[in-house]
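This report describes selected features of one protein model. Please consult the sequence and structure below while reading.

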Amino acid sequence: NNDVWNKIDDLPYFVDNKIRFSNAVQSLKARLVSERSTALDSNVKTILEAHYSLLDDEEFIQNITSKMTNELSIAKAMHSAYLHYQNIFAGSTNLYLQQRVIDIQDLIIQLINIIYDNVIDTTIKLSEPTIIMTKELTPSVFLSLDKNLLKGLVLFSASSTSHTAILARSFDIPTVSDIDGFEDINFNVLGDNKSCSIIDGNRGLVLLNPSNEIINYYTIEVKEAYTFQKQNLEYSNLEPVTLDNHRVELVANVATNVEVERAITYGALGVGLFRSEFIFMDRHSAPTEDEQFAIYQDALIKANGLPVIVRLLDIGGDKPLDYLNIAKEENPFLGYRAVRFYPEYIEIFKTQVKALLRASFYGNLWIMVPMIATATEMQWVQNEVLILKNELLAKNIQINSNIPLGTMIEVPSTAFAIEDIAKSTDFFSIGTNDLAQYFFAAERGNHKVSHLANVMHPAFIRLLQQIVSKCNQLKKFVGMCGEMAGDIDCLPLLVGLGLNELSMSIPVIPSIKYNLSKLNYTKCCELVLEACKCSTSTQVKQLLDVFNAVNINQEQKLLSDSLILLDSNADSKHLAIKEVVSLLKGSGRTNTMDEIEESLWLREDTYATGIGYGVAIPHCKTSVVSHSSVCLIKLNNPIAWGSIDNEPVRFIISLIIKEDNGGDNTHLLLIAKLSRNLMKEDFRNSLFNCKTSTEILELLNFLNN
Ligand code: PEP
Ligand code: MG
């Protein structure tokens, strides 16, 4: 990047500096408009729009032109303006603003290139699969790259909120950003250009010139990712109904319009919670009506007729916006938050509602109000929305005539005022995150007390039952959009409660769909009655574990065909353990592979689990497996394990035990049973000679008893 600025030193001064500059701005604007109109990705569109509005910003343009004096070339004037902004933004504590410097650099270089006939060559031509590692990369250079050849991106100085990192996510390019001390990295290890590097965007790892063992490890991981993607695709196409045809709408929680497309690909039947406050954050002033309109309109168009529930601004209290100047409070969670500040900040409220009403014409919009505590608050909102609707209609602005207006149930008082609130409400949605915090008087972000706000506590289940049955009785649609709605273990309870809709984070939708398809509604209703009779959350959890094991995981016995690998090429202990975890993932028993892998290694690091005779029994207890499991791997080539008899291991029997309560000793009993049999030579020979998984299942069937 320093080279870039070196090139401007000798560029000429023109007497008509200002005219040339103004022409260049106009032609760059025209280019951005044309690029935006052909862009397919909405992130690309948004970023091009952001660049356009910077060129439209009088202060920005004025800053550059004011520097075009004293025979300073346009290029130098622009560089000086760039340094000015760099100084301001670099000093900002706001990470988002810091990242805008690269956008300014991007625009300035494009302008210089228009004026001085492409004097700065920023193009990068890729001719083969490539990973780019650079201090920073401007969005326009990123967009010009051939994405089929771009396999990974390392942005040492940029953060994950930089526009280039956002674009990279949109294009599914594995990216690692914000790496300290990159100056010390020895790139010489890369050697000739045939070397390989691995960019692990999930874990934030850059592996230069990795060993074969690491390459093999990631080969397994890539295979796993493909299997998972395929499985998700299958599940995402399922109808959201139980075995006895009871339907529950499964929808997504999003924070941006950009996520809507992804939500629908994952099988969401709409958006159950659009947290609109994200549009208001990381800025100096509130977004304008037009800015908001464009975002809501885009979300509605992407949802293609499916409902999109936008929650009105939920800010204040612990999430202040600097530009609102809300005074600091003693108890922000009990303070001036969400619906409570709308009357004072009426313009912000009205601007948002008007933007929403205008956007409603483009799809199926529902509006939801956060933090309602009394019926009076809801009446106020309903009345204001009606006035604004009439105002827009009087101006002949087209709006949808039927926009459901809903109440979030987050404050316990609401649960006891449903009948009154229902008079000014079309639907309800339970925000369990806040409802649990206020119900148990335990702050959600305070680790010392947050465990008390346990949504599996019978008192909370009874509260939910009361809310949902009241809504059902009044024939009001009732959904849930707190974290509980996406908790797969709780699903039978949520179905049995009679919720019409569950709104959750996007990645969990496919597996929730799958589990829903295995449930029986009547049985779920019976389960709720049982849960309400419990005294502790542990009892409810046990009830759910048994119910899930019987109803959903019924095929998932301790041993299963999908947990057997008969021809593993693993050539090290690391790879063998990776394959164990991969079997669990492939059979749908876990999504949290790293945690299980770590637990297995924790045991191995204390004492190796090779028990002699060429067999190892790596084992662990974990809460992140759906069901206790035994994974069996027959190795093509024996590997060193650190066994008591020093014999290389040819067969792995791995025990992954579901951690239910501390005293459980299932793994010890299983190890004892296995060891007793493995001491017999006949048994070992039969095991090593098994050719099919059916033979292995038969031989080890005794573990099931
Ligand atoms: C909730 O409180 O459950 C909720 C969905 O809102 P948030 O988590 O955004 O406060
Ligand atoms: Mg909330």
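Thr414 belongs to helix α15 (residues 412-415); helices (H or I, at least four residues) and strands (E, at least two) are DSSP runs, numbered from the N terminus. Because its relative accessibility is 0%, Thr414 counts as buried. Here buried means under 20% relative accessible area, exposed over 50%, and partly exposed in between (1.4 Å probe, protein chains only). With neighbours within four places in sequence set aside, Thr414 is in contact (heavy atoms within 4.5 Å) with Ile372, Ala373, Thr407, Ile409 and Ile421.

This is a predicted model, in which local features need pLDDT of at least 70 and side-chain atom pairs count only at pLDDT 80 or more, while totals for chains, interfaces and linings use all residues. Residues are numbered from 1 along each chain as its sequence is written, chains are lettered from A and ligands numbered from 1 in the order in which they are written, and side-chain values use heavy atoms, with hydrogens and water left out.

**Ligand 1**

How many residues surround ligand 1? The shell holds 14 residues, and the closest are Arg275, Arg311, Gly431, Asn433 and Arg444; a residue is near a molecule if one of its heavy atoms lies within 4 Å of it. Arg275 places a polar side-chain atom 2.8 Å from an oxygen atom of the ligand. Backbone atoms take part as well: a polar one of Thr432 is 3.1 Å from a ligand oxygen, and a polar one of Asp434 is 3.0 Å from a ligand oxygen. On its own, ligand 1 has 290 Å² of accessible area, of which the protein covers 98%. Such areas come from the Shrake-Rupley method with a 1.4 Å probe; for residues, only the protein chains shown count as cover. The elements giving two or more residues to the shell are β7 (271-275) and α17 (432-439). The largest share, 3 residues, comes from α17. By class, the shell has 3 nonpolar, 4 polar and 7 charged residues. In this scheme, Ala, Val, Leu, Ile, Met, Phe, Trp, Tyr, Cys and Pro count as nonpolar, Asp, Glu, Lys and Arg as charged, and the others, Gly among them, as polar.

**Salt bridges**

A salt bridge is a side-chain nitrogen of Lys or Arg within 4 Å of a carboxyl oxygen of Asp or Glu. By this rule, the count is 22 salt bridges. The table lists some of them.

| Pair | N to O distance |
|---|---|
| Glu49 and Arg36 | 2.3 Å |
| Arg203 and Asp200 | 2.7 Å |
| Glu604 and Lys573 | 2.9 Å |

The pair of Glu604 and Lys573 joins helix α24 (residues 593-606) to helix α23 (residues 573-586), so parts that are 31 residues apart in sequence are tied together. Glu604 is buried, with a relative accessible area of 6%, and Lys573 is buried at 14%. Glu49 is partly exposed at a relative accessible area of 31%, and Arg36 is also partly exposed, at 31%. Arg203 is partly exposed, with 28% relative accessible area, whereas Asp200 is buried at 5%. Asp200 and Arg203 belong to a network of salt bridges that also links Glu221, Glu224, Lys578 and Asp594.

**Helix α20**

Which residues of helix α20 (residues 509-518) are buried? They are Ile509, Pro510, Ile512, Lys513, Asn515 and Leu516. The cover over these buried residues includes α10 (212-236), β6 (249-254), α19 (491-497) and β13 (501-504).

**Positive phi in a loop**

Most residues other than glycine have a negative phi. Asp117, which is not a glycine, has a positive phi of about 55 degrees. Asn118, likewise not a glycine, has a positive phi of about 55 degrees. Asp117 is in the loop between α7 (101-115) and β1 (130-134), and Asn118 is in the loop between α7 and β1. Asp117 is exposed, with a relative accessible area of 65%, and Asn118 counts as exposed at 57%.

Definitions and conventions. A polar contact is a pair of N or O atoms within 3.5 Å; within protein, one must be able to donate a hydrogen and the other to accept it, and residues adjacent in sequence count only if both atoms are side-chain atoms.
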